[in-house]
Amino acid sequence: MVNDILSARMGDVVTRRPPLWHRFSTGVSALWHRFSTGVSAMWHRFSTGEPELRNQPGQSDLQLPASVSGLIQCSLPQGADGEPRASARADAPSLSRLQVSPCLVRSRDSGAKFETSSRIETPRGLKPAARLMSSAASAARDTRSGARVAVRTMAIAMTAALLTLLPASTALAQPDNPGKVDLKFNRFYDFPELESALKELAVAYPKLLTLESIGRSTEGRDMWMMTINNPDTGPDRDKPAIYIDANVHGNEVQGSEVCLYTIWYLMKSYGVVEKLTKAVDERAFYILPSVNPDGRAHWFDDLNTSSSSRSGKEPRDNDYDGLYDEDGYDDLDGDGYVTTMWRPDPHGRFRRSQKDPRIFERVGPDEKGEWDFAGSEGIDNDGDGRVNEDGPGGYDMNRNWPSDWQPEYIQYGGGEYPFSQPETACIGAFILDHPNIAAVQSYHNSGGMILRGPGANYRENVYPRSDVSVYDEIARTGERLLPFYRYLIIHKDLYTVHGGFVNWTAEGLGIFSFTNELWDDAQYYYGKEGDWDRQTQSMKFHDLLQFGQTFVDYKPFDHPTYGPILIGGPNKYASRVPPLFMLEELCHRNFAFTMYHADQMPRPAFGRTWIKEISPSVWSLTVELRNEAAIPTISAIAAQKGIGARDYVTLTPAGGGTGGGAGADGGAGADGGAGADGGAGADGGAGADGGAGADGGARADAGGQPAKAGAGGAAPTVLASGTVREWYDTTMELTKKQPERIWLDRGLGSRDGVLCRWIIAGDGDVEVSYWSQKGGRIARTITLTNE
């Protein structure tokens with residue numbers, strides 16, 4: 001809280017006869033006055049848009065909340081002599097004290113004058129309220145009896161504001177939670193700055209953040225992966241995880257800022273914001289801010305347009321002349337930007353707009369223009385008669401993934417084979433090594449889109465209807481979180497993509513995956529552009545909101561190939577990336593969408609249980625397992641193709657071993673369960689987890705301790721198991737081998753569940769443990785007793 005005292009001059013007095021409710025309230029008790037003035041404040045706020053406050057009769061002190069800011073009017077009632085007493089009105093945005101200095105006040109009706117002094121302050125230790133203190137000696141003098149005098153002040157600021165009289169006062173919309181690292185999101189970060197910010201975050205939050213280089217780019221830059229996980233709640237590989245990346249195309253820079261924002265915001269919110277604390281405790285996050293660090297570095301450091309530096313930096317011979325990267329852009333006028341070139345042509349396809357000569361309009365098919373577009377700034381550096389035809393790189397890492405990969409003659413930029421680039425190879429290895437990844441988010445630009453596969457029309461049948469329903473639910477919510485973004489299908493609504501990243505993760509790995517195309521020009525005016533066409537909108541935005549910083553005025557230039565031309569137009573910051581003053585909102589909204597996506601990852605939970613004693617010490621135990629989230633533990637694509645490990649549920653005597661936890665290969669653990677191929681272990685029988693041995697009796701656990709038995713002396717042993725459709729079904733789909741473990745080939749569906757039943761001999765406590773590769777592990781101890 002700020003304790004500075006500010007002075008403010010008062011304005012003219014306004015006199016008017018008090019309303020009926022005011023005259024009535026001044027004669028009743030303080031409690032009734034508190035209620036009635038609260039009602040009056042609500043009416044005043046409704047009718048004038050301004051909060052109003054009055055103190056109680058005969059009192060000079062009044063409590064005010066510190067959380068409300070706005071225009072305040074404080075009125076004092078009539079004094080004992082029947083004369084009105086002074087009141088104050090002030091603006092209240094930020095400071096905790098307001099000193100209203102003694103001042104001259106005039107009555108509009110009578111011209112009478114008086115002086116008054118008031119103070120609004122927050123006493124030390126009283127943060128949620130402020131106190132209005134008014135001197136009773138500063139009486140207002142007016143010739144009209146019973147008149148109400150409002151003294152209007154022009155206060156600069158105050159933190160303490162009012163409306164404790166109202167049951168629900170307006171609080172700050174979103175309190176600021178300062179973090180340990182001061183990052184700004186009204187700017188872009190080039191690759192060295194991005195690298196530095198990631199390292200600073202990792203040092204500031206060592207418990208929750210792990211920064212590692214998973215490989216190196218073509219030019220030797222580190223591929224930085226940040227893992228967010230709370231080790232107190234388990235290893236990251238034992239939790240459902242979301243993988244987030246950005247900047248696969250070097251010019252699509254703002255996705256890296258969203259990734260950085262995601263890490264920064266989660267860290268500064270941990271322990272402060274309950275929902276985000278829960279997300280960090282229950283989920284794992286793998287965040288790769290730049291898939292293409294070479295392209296990013298080149299875009300910031302070298303001559304580029306908003307659409308260039310898309311590729312990596314491995315040299316390519318794009319014009320097949322035996323030379324590599326020899327004919328890129330040139331800054332012909334030396335202004336530091338690559339803009340556009342226009343050459344005069346009496347038969348051209350464009351003319352300059354009469355309304356704004358900076359705009360080149362395309363003419364109709366039967367019309368002749370005056371200009372033709374000559375491309376971006378550059379000359380013929382290799383003497384082949386062409387300009388800018390062989391710049392750096394010339395491939396597309398978002399066409400280098402296994403699913404539906406096609407060679408160069410079908411898909412430009414696909415590379416020699418899937419994972420042929422060092423960047424895609426190390427990312428692929430990381431994802432395959434983390435089968436707990438249940439969601440994928442990739443950031444691109446631009447167009448304002450939430451995209452899912454497939455990338456080609458002939459792959460529509462790859463997406464089962466149940467998976468499409470999950471995609472629809474998440475993306476439709478995303479459309480609300482991200483105004484001006486549209487939920488689209490890549491091949492249908494954009495263009496055909498072979499070998500795309502999210503196509504591989506969705507279709508090849510069965511992970512629910514989205515690409516967000518960040519920023520859309522429709523956000524310029526939030527739908528209030530009126531009758532401006534698209535080009536006019538853009539120019540008005542450059543002029544009125546960016547003050548000409550993203551546009552270079554046209555100037556003449558004598559081109560060695562084209563002759564006299566014009567050079568100028570938008571620079572590389574003029575499109576595809578948001579204006580800096582809108583960047584933080586873009587970061588936060590997309591961060592919120594990925595948090596929603598992460599929240600929809602599988603959330604297994606136990607439901608009801610039903611225990612029935614069939615005969616002495618023989619029990620039927622039915623347990624409900626449910627998934628409380630939208631994303632199933634096994635997608636329908638994965639179930640159909642047999643991708644990944646199967647889910648399973650085990651029942652063991654309580655305290656009788658590991659309960660069949662996952663082994664290092666992603667299948668069941670060392671208890672004779674599934675190996676790498678998801679089949680039964682070598683011995684086919686129960687292992688050291690306390691399940692049944694070869695003789696059907698109780699086995700000792702891994703520590704050599706006998707399994708816990710009940711009063712009857714016999715430890716629980718599973719005789720049979722399976723799944724049932726309804727609670728009271730008398731038949732079940734039997735488990736053929738190892739009845740302690742029930743395999744769930746399709747996992748737990750979207751907000752769906754399964755009923756598992758065991759027939760058990762013996763008494764005591766048993767542990768039911770559920771394991772899922774993408775859903776994690778949960779366990780519950782149950783006592784075998786009649787309910």
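Where is the place of P454? In this predicted model, P454 sits in the loop that runs between strand 20 and helix 8 (465–481).

**View 1. Two cis peptide bonds.** The bond from G453 to P454 is cis, and its omega is near 10 degrees. Another cis peptide bond links N445 to S446, with omega about 0 degrees. Look for S446 in the loop between strand 19 (437–444) and strand 20 (449–452).

**View 2. Positive phi at W519 and R576.** Neither residue is a glycine, yet W519 has a positive phi near 85 degrees and R576 has one near 70 degrees. W519 belongs to the loop between strand 22 (512–517) and helix 11, and is buried at a relative accessible area of 2%. R576 is in the loop between strand 24 (563–570) and helix 12 (583–599).

**View 3. Helix 10, largely enclosed.** Seven of the eight residues in helix 10 (residues 501–508) are buried, so the rest of the structure largely encloses this helix. The buried ones are F501, V502, N503, W504, T505, A506 and E507. Just past the helix, G510 has a positive phi of about 70 degrees.

**View 4. Helix 4 meets helix 5.** Helix 4 (residues 254–269) and helix 5 (residues 274–282) pack at about 110 degrees, their axes 8 Å apart, so they are roughly perpendicular. Y265, L266 and S269 of helix 4 make the contact with L276, T277 and V280 of helix 5.

**View 5. A nonpolar surface patch.** L544, L545 and F581 form a patch of about 300 Å². L544, part of helix 11 (residues 534–545), counts as exposed at 54% relative accessibility.

Key. Residues are numbered from 1 along each chain as its sequence is written. This is a predicted model: local features need pLDDT of at least 70, side-chain atom pairs count only at pLDDT 80 or more; totals for chains, interfaces and linings use all residues. Side-chain values use heavy atoms; hydrogens and water are left out. Buried means under 20% relative accessible area, exposed over 50%, partly exposed in between (1.4 Å probe, protein chains only). Helices (H or I, at least four residues) and strands (E, at least two) are DSSP runs, numbered from the N terminus. Patches are made of residues with over 30% relative accessible area and no salt bridge: like charges are joined within 9 Å, nonpolar side chains (Val, Leu, Ile, Met, Phe, Trp, Tyr) within 5 Å. Accessible areas come from the Shrake-Rupley method with a 1.4 Å probe; for residues, only the protein chains shown count as cover. A salt bridge is a side-chain nitrogen of Lys or Arg within 4 Å of a carboxyl oxygen of Asp or Glu. Axes are lines fitted to C-alpha atoms, for helices over the stretch in contact, and angles run from 0 to 180 degrees between N-to-C directions. Angles under 35 degrees count as roughly parallel, over 145 as roughly antiparallel, 65 to 115 as roughly perpendicular and the rest as oblique. Contact means heavy atoms within 4.5 Å.
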